[in-house]
Amino acid sequence: MTAAPEAETKPQVARWYAIQVASSCEKKVKATLEQRAITLGVSNRILEIEIPQTPAIKLKKDGSRQSTEEKVFPGYVLVRMVLDEDTMMAVRSTPNVINFVGAEERRATGRARGHIKPRPLTRPEVERIFKRAAEKKPLVKVDITEGDQILVTAGPFKDFQGEVIEVSGERSKLKALLSIFGRETPVELEFAQISKQS
């Protein structure tokens, strides 16, 4: 009677891991890692590579709108994979990958930094990340800062000019001082109601 080795009895489960990548290289890392998984023969263990994103609308200086995607976690890529030596090496050796997010294992001697042990994301963390990416209303990004001159293009203050005193990107609104009846008056406006003056 022979006992099966313990390693074979424990099924390998794919979990989500966060990977830190070089700034603005998320898409490049995703494409490269997808290709490397096939080339290195680990595509059956590196199952999904995601860059959670939400819709965004960028207002340009000329007042036009451009639909775009805003990364939920800039500088990170999520990978659902079975963690073993081969898959870890495939991820770590991908260009522009900094490291896994996890716990640092301290070395017994020397001052060098320890090895990062990848820590899988918990189910609630994964659900929260993807729920946030799926539900979020389009975020309006605007190239306007305090002190900029604007022209109101819609609403009751159409054709009024003013100076921006506060920008609230998450609410897609700003406050501007408009000259109403010869008096500087703070007015809250939506990004869609204004255009930036050069």
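**Close-ups of a helix and some ring pairs**

Tyr17 is buried, at a relative accessible area of 5%, in this predicted model.

View 1. Since Tyr17 belongs to strand E1 and Phe100 to strand E6, the pair ties together parts that are 83 residues apart in sequence.

**View 2. Phe157 pairs with Phe160.** Here the ring centres are 5.9 Å apart and the planes stand at 85 degrees, so this pair is edge-to-face. How accessible is Phe157, in relative terms? It comes out at 25%, which counts as partly exposed. Phe160 is also partly exposed, at 29%.

**View 3. The buried side of helix H3.** Helix H3 covers residues 85-92, and Thr87, Met88, Ala90 and Val91 are its buried residues. Looking down the helix axis, you'd find them within an arc of 160 degrees, so they line one face of H3. An α-helix has 3.6 residues a turn, so residues three or four places apart point the same way. What covers the buried residues of H3? The cover includes helix H2 (26-39) along with strands E1 (15-21), E2 (46-50), E5 (76-81), E6 (97-100) and E8 (115-118).

**View 4. The other face of H3, and its cap.** Turned away from the buried side are the exposed residues Glu85 and Met89.

Key. Residues are numbered from 1 along each chain as its sequence is written. This is a predicted model: local features need pLDDT of at least 70, side-chain atom pairs count only at pLDDT 80 or more; totals for chains, interfaces and linings use all residues. Side-chain values use heavy atoms; hydrogens and water are left out. Buried means under 20% relative accessible area, exposed over 50%, partly exposed in between (1.4 Å probe, protein chains only). Helices (H or I, at least four residues) and strands (E, at least two) are DSSP runs, numbered from the N terminus. The arc is that of the directions from the helix axis to the C-beta atoms. Contact means heavy atoms within 4.5 Å. A polar contact is a pair of N or O atoms within 3.5 Å; within protein, one must be able to donate a hydrogen and the other to accept it, and residues adjacent in sequence count only if both atoms are side-chain atoms. Rings of Phe, Tyr and Trp (its six-membered ring) pair if their centres lie within 6.5 Å; planes under 30 degrees apart count as stacked, over 60 as edge-to-face and the rest as tilted.
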